[in-house]
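User: I am new to this structure and would appreciate a close look at a single part. Please describe chain B and the charged pairs that accompany its fold.

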Amino acid sequence: MVGLSLGEKHFIQGGIDQNIRSDGRKRDTYRPISVETGVIPQANGSARIRIGATEVIASVKAELGRPDALQPDQGKVAIFVDCSPVAEPMFEGRGGEELSTELSVVLQHCLLGGKSGAGAGIDLSSLIVAEGKICWDLYIDGLVISSDGNLLDALGAAIKAALSNTGIPRVQVAAGALGDEQPEVDISDEEFLQFDTSGVPVIVTLTKVGRHYIVDATSEEESQMSSAVSVSINRKGHICGLSKRGSAGLDPSVISDMISVARHISEQLINKLDSEISAAEAGEDEM
Amino acid sequence: MEFVNPEGLRLDGRRPMEMRQLRAEIGAVAKADGSAVFEMGNTKVIAAVYGPREVQNRSQQINDQALVRCEYSMANFSTGDRRRKPKGDRRSTEISLVIRQTMEACILTHLMPRSQIDIYVQVLQADGGTRSACINAATLALADAGIPMRDLVTSCSAGYLNSTPLLDLNYVEDSAGGPDVTVGILPKLDKVTLLQMDAKLPIDIFENVMQLAAEGCKAIANYIREVLLENTKQLEYRRGL
């Protein structure tokens, strides 16, 4: 929990009004972002993202499973988020469950598209091994290690980085299985397939404090927010998902204004993330 | 199964009395009062300490000493096969209790009456010896938070497989079903604060194995002391002294 005095509240709000925030940033600048990939050796792909004092880890694990009867040509992806009490004593016991569920649901909406899998950032048909019989199930786990606001953007970025780090083993399906029989598979230990992650969107959250909105709010700033809009945008500038939090209502014209600002900011964020991810992977190869 | 080959090497290439590589880092969680990452080989845990602070639940307040609380949690991706476990299962409750009791034994709780100290440990990678790694991480985090302690508690495990005492078991050795002795000591006072064993072991061999684990604890204590000293030097340097 953030406990702020009246003076501190005025200071934060006044700073945002004058376009210079408590840490010297402008309203539309992010804190420094650092990316580290391959942090969890037992996962197929993983990444750790630090945005200021916020730190999250995302891991991707692939398991062979059976595709859904309704979508026999698609694999399955599930996103789970956990808020560790290490980050905030409030998350102790079941205290973090509400926030964890909220974050998982928003991420699921933003990254995976609708139920049919249309509009997903990941091409679900690339996860199929044998149509109607075998597919890859991707389990994406996010863990919040340190929380200083803007968890959603950080988790979105971490998942994007973890997916680009993911290698799925190549699978050989033995021919000759008839009808309903499950065919035998041979999982390669050496050959790995990389995902096409260019379509994975980033999430930009705009937090409204007073009359203005800011990006990448710290937890102090988040405690002063009236509402926040999270927009997930892919490289082409298409909006993949949208969610609004907070109690205060927003004027529709303000929302469309926020979306266009978010689109503009997402371009910078995607470029920044891409260069950080490739730098992290280059660093990992050297080790 | 052969856990020690004829050349005297274990599955991961260690000698029977060799510990895994240790790595520790102080200050991993910016907002906590004290925090640390501790790695023993592939086992990796984060500990964060909040407090001493006001007691959150008044009915738990103790008038002549501090209330120490601990929560242990495992990340979904920490084990080899992914499992989604409910929070507060029996295993994690038991480990939370063990860590709490061990840390309570070394914190000078009587100096901080009517206050609360929270210790949270999060396992990021589990490869055997999570209990020990959590205690070591918690010690570092408590020291980083500046909480008065009698001594630095450290913990290490030892086992007995193929008639050989083995120090610091990894997951494969741990699940072999042999005895597993986890020891926690206060190295300066030379006192044992934690002792757990499963399976059975003849009493004379048990003494050897426990001695080995205690030696391991002392080695860890030396390492932790070095890390803390280095950290203090860094802090001093930053203050420009």
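**Chain B and its charged pairs**

In this predicted model, chain B comprises four helices and nine strands. Read from the N terminus, the order of these elements is β-β-β-β-α-β-α-β-β-α-β-β-α. The C-alpha atoms occupy a box of roughly 55 × 45 × 35 Å along the principal axes.

Of the 241 residues in chain B, 54% are buried. Among contacts between residues at least 6 apart in sequence, 68% join residues at least 24 apart. Chain B has an accessible surface of about 11,200 Å², and carbon and sulfur atoms account for 49% of that surface.

Charge is the next topic. Chain B carries 29 positive and 30 negative charges, whose mean positions lie 7 Å apart. Side chains of opposite charge can pair when their charged atoms come close. Over all chains, the structure holds 31 salt bridges.

One of the salt bridges joins B:E173 and B:R10, with an N to O distance of 2.9 Å. B:E173 belongs to helix 3 (residues 171-174), whereas B:R10 lies in the segment before strand 1 (22-26), so this pair ties together parts of chain B that are 163 residues apart in sequence. B:E173 and B:R10 are both buried.

A salt bridge also links B:K44 with B:E39, where the closest N and O atoms are 3.9 Å apart. Both B:K44 and B:E39 are buried.

Terms used:
Residues numbered from 1 in each chain as written. Chains lettered and ligands numbered in written order. Predicted model: local features only at pLDDT ≥ 70, side-chain atom pairs only at ≥ 80, totals over all residues. Heavy atoms only, no water. Helix = DSSP H or I, 4+ residues; strand = E, 2+ residues; numbered from the N terminus. Buried < 20%, exposed > 50% of the residue type's maximum accessible area, 1.4 Å probe, protein only. Contact = heavy atoms within 4.5 Å. Areas by Shrake-Rupley, 256 points an atom, 1.4 Å probe, with all protein chains shown as cover. Lys, Arg positive; Asp, Glu negative; His and termini not counted. Charge placed at Lys NZ, Arg CZ, Asp CG, Glu CD. Salt bridge = Lys/Arg side-chain N within 4 Å of Asp/Glu carboxyl O.
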